[in-house]
Amino acid sequence: MILFPAIDLKDGQCVRLKLGDMNQATIYNPNPADQARAFEAQGFEWLHVVDLDGAFAGESKNGAAVEAILAATRNPVQLGGGIRTLAQIEAWLAKGLARVILGTVAVRDPALVIEACRRFPGQVAVGIDAKGGRVAVEGWAEASELGVIELARRFEGVGASAIIYTDIDRDGILAGINWASTLALAEAVSIPVIASGGLASLDDIRRLAEPDAMRLEGAISGRALYDGRIDPAEALAILKAAKGEAA
């Protein structure tokens with residue numbers, strides 16, 4: 001069970017959005033590399049990074065900040081936002097990313113995702129962002145007609161390393177994870193699922209440590225860490241204990 005601290009990049013700075021709205025961004029650290037170092041020092045073992053500008057533009061817009069993060073931490077880093085081609089995937093992996101997250105392109109061009117999984121086994125995750133139960137694309141700016149489980153099942157058996165499932169209706173407002181839909185997704189597919197959107201408190205961490213949630217690979221935390229609502233040491237200790245009990 002992995003707790004992934006999030007660094008969301010906008011204009012080269014570490015921010016958090018409210019409900020995916022680029023006009024409702026709070027700057028938490030103007031230096032993302034420093035934030036990456038801080039998360040590593042707190043004991044986190046992975047890092048979740050999103051190029052928000054890139055997600056809307058369809059191409060990398062915070063490349064310098066991402067490269068600074070990679071240079072600053074020894075932790076594996078997963079990156080999403082604006083990665084839409086095999087060339088972009090290969091370039092980012094060559095720079096040292098542990099895995100790329102493909103979201104919009106998973107809807108627009110699933111064949112590309114399948115090919116990426118074949119070429120780069122274990123290094124491609126699928127990002128599924130949902131609003132009202134439907135998959136959203138283009139930095140959450142557009143809704144599709146696809147259901148979450150319908151999309152996820154397209155990538156069964158192709159080598160996707162994880163599905164990162166975000167409930168946009170809860171993201172950045174500390175409303176708590178949508179456990180019903182997240183666990184239903186984890187039940188429906190064999191691909192490991194990472195929960196995202198709404199992690200609000202240590203109560204959510206304790207819920208993550210319950211036996212039915214242990215099928216998840218982990219969860220992503222953003223605003224609750226930055227606001228001090230979740231103590232990193234306590235959260236990591238809860239998950240470590242749960243992992244030991246499950247073993």
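Predicted model: local features only at pLDDT ≥ 70, side-chain atom pairs only at ≥ 80, totals over all residues.
Arginine 153 is part of helix H7. With a relative accessible area of 51%, arginine 153 counts as exposed, because the cut-off for that class is over 50%. When residues up to four places away in sequence are left out, arginine 153 touches Ala188 and Val189. Arginine 153 and phenylalanine 4 are separated by 149 residues in sequence, and their C-alpha atoms lie 24 Å apart in space.

Helix H3 (residues 63–72) was examined together with helix H1 (residues 32–41). The axes of H1 and H3 come within 8 Å and cross at roughly 30 degrees. The crossing of H1 past H3 is right-handed. On the H1 side the contact is made by Pro32, Ala33, Ala36, Arg37 and Glu40, and on the H3 side by Ala65, Ala68, Ile69 and Ala72. Sorted by class, the contact between H1 and H3 comprises seven nonpolar residues, two charged residues and no polar ones.

Within H3, the buried residues are Gly63, Ala65, Val66, Ile69, Leu70 and Ala72. Besides H1, the elements that these buried residues of H3 pack against are strand S1 (2–10), strand S4 (47–51), strand S5 and helix H4. The loop between helix H2 (52–57) and H3 holds asparagine 62. The relative accessibility of asparagine 62 is 5%, so this residue counts as buried, the limit being under 20%. Not counting residues up to four places away in sequence, asparagine 62 touches Leu9, Lys10, Asp11, Gly12, Asp51 and Asp53.

Strand S5 (residues 77–80) is joined to strand S6 by three bridges, and the two strands run parallel. Together with helix H4 (residues 86–94), S5 and S6 make a β-α-β unit, which is right-handed. Strand S6 is also joined by three bridges to strand S7 (residues 124–131), again in a parallel arrangement. Here valine 100 has valine 124 of S7 as its bridge partner.

The side chains of S6 were considered next. In a regular strand, side chains alternate between the two faces of the sheet. In S6 (residues 99–102), Arg99 and Ile101 point one way, whereas Val100 and Leu102 point the other way. All four of these residues are buried.

Alanine 25 belongs to strand S3 (residues 21–29). The relative accessibility of alanine 25 is 35%, and alanine 25 therefore counts as partly exposed, a class that lies between the 20% and 50% limits. Leaving aside neighbours within four places in sequence, alanine 25 is in contact with Lys10, Val15, Arg16 and Leu17. Lys10 is also among the residues that asparagine 62 touches. Alanine 25 and aspartate 8 stand 17 residues apart in sequence, with a C-alpha to C-alpha distance of 9.9 Å.

Note on methods:
Residues numbered from 1 in each chain as written. Heavy atoms only, no water. Axes fitted to C-alpha atoms, helices over the stretch in contact; angles between N-to-C directions. Helix = DSSP H or I, 4+ residues; strand = E, 2+ residues; numbered from the N terminus. Left-handed = near helix turned anticlockwise from the far one by under 90°. Contact = heavy atoms within 4.5 Å. Nonpolar A, V, L, I, M, F, W, Y, C, P; charged D, E, K, R; others polar. Buried < 20%, exposed > 50% of the residue type's maximum accessible area, 1.4 Å probe, protein only. Pairing = 2+ DSSP bridges. Right-handed = clockwise from strand over helix to strand, strands pointing away.
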